[in-house]
Amino acid sequence: MHRKGPTRDIDESALSVTEPKEQAAGVTAVAVALKRAVEEMGVVRTARTLARVNQVHGFDCPGCAWPEATGHRRPAEFCENGAKAVAEEATLRTVTPEFFAAHSLEELADKSGYWLGQQGRLTHPMVLRPGATHYSPIEWADAYQLITEQLRALATPDEALFYTSGRTANETAFLYQLLVRSYGTNNLPDCSNMCHESSGAALTSSIGIGKGSVSIDDFDAADLIIVAGQNPGTNHPRMLSALAGAKAKGAKIIAVNPLPETGLLGFRDPQTVKGFTSGVSIADDFLQIRLGGDMALFQGLGRLLFEAEDAAPGTVVDREFVDAHCAGFTEYEKNVRAVDFDTVRTATGLTDDELRRTARLLAESNNIIICWAMGLTQQKHGVATIEEATNLLLLRGMIGKPGAGVCPVRGHSNVQGDRTMGIWEKMPDSFLDALDHEFGITSPRKHGFDTVDAIRAMREGTAKVFFGMGGNFVSATPDTEVTEAALGGCALTVHVSTKLNRSHVVHGQTALILPTLGRTDEDLQAGVKQQVSVEDSMSMVHLSTGRLKPVSDQLRSEVAIVCELAQALFGAEHPVPWAQYQRDYDKIRNAIARVVPGCADYNTRVRQRNGFVLPHPPRDSREFRTTTGKANFAVNDLTWTPVPDGRLILQTLRSHDQYNTTIYGLDDRYRGVHGGRKVILVNAEDIAELGFTDGELVDLISEWTDGTERKVTGFRIIGYSTPRGNAAAYYPETNPLVPLDHVAARSNTPVSKAVTIRLERHTHVGQPS
């Protein structure tokens with residue numbers, strides 16, 4: 001039975017504020033998850049679907065990339081936000097051709113992203129012709145022909161952009177990059193460019209591979225875990241169970257964040273009896289750091305570790321590891337010994353006692369893990385900051401041993417797998433050589449555009465076709481006005497999607513929406529059930545099998561869309577056996593096994609109970625494939641983010657009712673925000689000093705070095721526990737404030753955690769704009 005989506009949009013005048021919660025999850029999380037699931041899927045569909053999430057013979061959660069346990073899996077192997085993600089995808093609400101006939105593009109463009117997403121699953125390919133006021137149905141063959149004509153008409157393949165979302169499975173990602181390189185370009189921007197690109201750059205330089213070095217089992221062996229710039233309670237809730245388990249075994253946990261995050265301060269595990277009555281305080285210490293002060297923290301801790309080594313020689317620095325496996329130690333030591341502690345205090349906002357207490361734990365612990373997410377990567381000097389965190393682990397010999405290592409926690413469910421499969425604008429020649437040898441093609445060697453450069457190319461008219469494999473490009477990217485105008489200048493925009501989103505109403509001269517299967521959907525090719533595979537945050541590769549009947553017979557799998565488009569574009573004589581790959585995904589995996597390092601015997605190994613783990617030389621054998629052949633200590637000038645007079649430094653973040661750009665609901669109950677999203681969290685002393693009052697409506701204006709200003713309006717000020725001079729607000733509502741050129745050094749990642757803003761009193765009469 002198909003359902004219609006809600007008719008009402010967000011009403012910010014209904015917004016209310018309560019005290020933030022002191023504990024996360026528990027009975028409330030269970031109740032919210034079940035309520036949302038039943039609203040979207042109904043009782044029977046909810047029971048059948050949630051029972052299969054993250055199970056061995058089920059499907060991988062379409063939310064985050066946190067790994068499953070390698071042993072026993074609990075019956076409910078999902079979190080509240082995972083249940084919301086599943087409900088969004090497995091909803092019975094549908095967006096049919098009749099919906100588009102009833103709603104003009106102008107009307108849809110006036111709706112919020114929340115309203116668009118709530119309408120349900122797309123059921124039919126749709127096209128927007130030049131000058132048309134409505135999307136209209138199009139047959140698949142005609143859609144492929146339209147794309148083919150536009151691609152063939154370009155002066156060069158580099159005038160086309162092929163974006164990828166992290167939900168794309170390994171098989172799709174491998175074929176997608178194969179199509180793009182067969183076509184003749186490396187323009188493969190993806191969502192990694194906007195999140196963990198800084199991690200990849202830093203780790204590749206430091207240890208020779210841009211992935212984390214720990215497994216889920218390492219958490220049980222750790223005795224110190226630092227969680228920096230990350231909010232597991234909202235973004236990776238199942239991580240709280242791993243942290244609680246580590247704590248029960250004696251580990252100390254330190255949270256480093258400008259905001260107190262409820263999940264790290266109190267956690268009620270809803271899958272234990274105790275979790276229904278009481279919780280556990282996850283963090284033993286909370287370092288409420290100023291935005292942009294993390295590099296100062298890590299360098300200051302480095303200096304303190306050397307002072308501890310001076311006091312007790314041979315007890316802090318792991319000389320055996322450093323001498324055998326590291327380069328650049330002397331230069332690093334000289335650099336951090338000279339760090340000015342007054343600067344460290346100013347940049348971090350932390351006390352001497354907090355800094356020395358943390359250094360003492362680092363010096364005394366035998367197995368240390370450092371975890372991080374966007375709070376570090378989306379800083380101007382995010383790459384250097386992560387290098388400094390890695391330096392601390394190298395100093396202590398914490399790479400390549402149980403219970404220790406680097407742990408960048410990826411956000412999207414297969415964003416790491418996409419990169420492994422070749423979705424990168426700068427894949428190494430060794431990968432391209434293997435691809436060419438396997439398929440008899442000639443891959444281009446010229447590096448392509450990442451996400452920021454892709455927007456610049458569209459803005460400048462040097463890119464004319466945009467193809468998005470999943471995701472919501474407009475709402476995920478910075479500088480919204482610039483990005484929307486850039487897409488509007490394209491001759492063709494194409495989006496492969498499960499649901500309606502903002503990117504569908506920001507279009508080129510011609511626009512296509514191609515509806516695809518989701519993770520929960522059964523995938524039949526030539527009458528045979530197919531499975532896909534994904535890679536989690538810790539390099540484990542496993543199968544995912546959807547079971548639900550698709551909401552429409554017009555839906556195509558992502559694999560089928562790539563293969564059918566390739567056949568239309570290249571013709572029957574192309575050396576890649578696209579038709580065979582569409583019929584049998586095992587054949588794709590056989591090709592992956594011959595091309596992608598670490599994937600030998602893919603089809604056999606991925607069918608093991610837990611799948612298989614990809615090789616990681618630093619973890620596996622303390623082998624470091626860097627330019628020096630060793631792990632490299634980095635030397636960086638200390639930089640931090642000062643607050644100009646009368647201004648605030650803004651970080652953008654998610655609410656508890658969203659995942660990336662998908663808004664599930666309008667409550668952020670952990671922070672006490674209900675019924676709306678246009679809020680800005682500001683220290684109460686800053687509110688008074690700037691001449692405002694708690695609850696007042698303000699406009700936010702960002703200031704950029706070239707004198708350009710950007711503005712969003714009608715945000716409610718909420719007094720909140722955040723360092724002086726810092727503020728926080730939700731994205732995508734505040735993405736318009738992030739300048740396109742405000743990017744991290746060496747990674748080109750948009751800097752969404754250090755935006756200089758000023759507040760102005762909102763004078764609009766009536767509901768906030």
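Predicted model: local features only at pLDDT ≥ 70, side-chain atom pairs only at ≥ 80, totals over all residues.

Trainee: Is phenylalanine 99 buried or exposed?

Mentor: Residues are numbered from 1 along each chain as its sequence is written, and side-chain values use heavy atoms, leaving out hydrogens and water. Now, buried means under 20% relative accessible area, exposed over 50%, and partly exposed in between (1.4 Å probe, protein chains only). Phenylalanine 99 is buried, because its relative accessible area is 11%.

Trainee: Where is phenylalanine 99 found, and what does it touch?

Mentor: Phenylalanine 99 is in helix α4, residues 97-102 (helices are DSSP runs of H or I, at least four residues, numbered from the N terminus). Leaving aside residues up to four places away in sequence, phenylalanine 99 touches Leu108, Trp115, Gln119 and Leu500 (contact means heavy atoms within 4.5 Å).

Trainee: And valine 43, buried or exposed?

Mentor: Valine 43 counts as exposed, because its relative accessibility is 60%. You'll find valine 43 in helix α2, residues 43-50.

Trainee: How do I read two packed helices?

Mentor: They're described by the angle between their axes and the distance between the axes. Here, the axes of α14 (residues 294-311) and α17 (residues 341-348) come within 9 Å and cross at roughly 145° (axes are lines fitted to C-alpha atoms, for helices over the stretch in contact, with angles from 0 to 180 degrees between N-to-C directions). Residues making the contact include Leu297 and Arg303 of α14 and Phe341 and Val344 of α17.

Terms used
Helix = DSSP H or I, 4+ residues; strand = E, 2+ residues; numbered from the N terminus.
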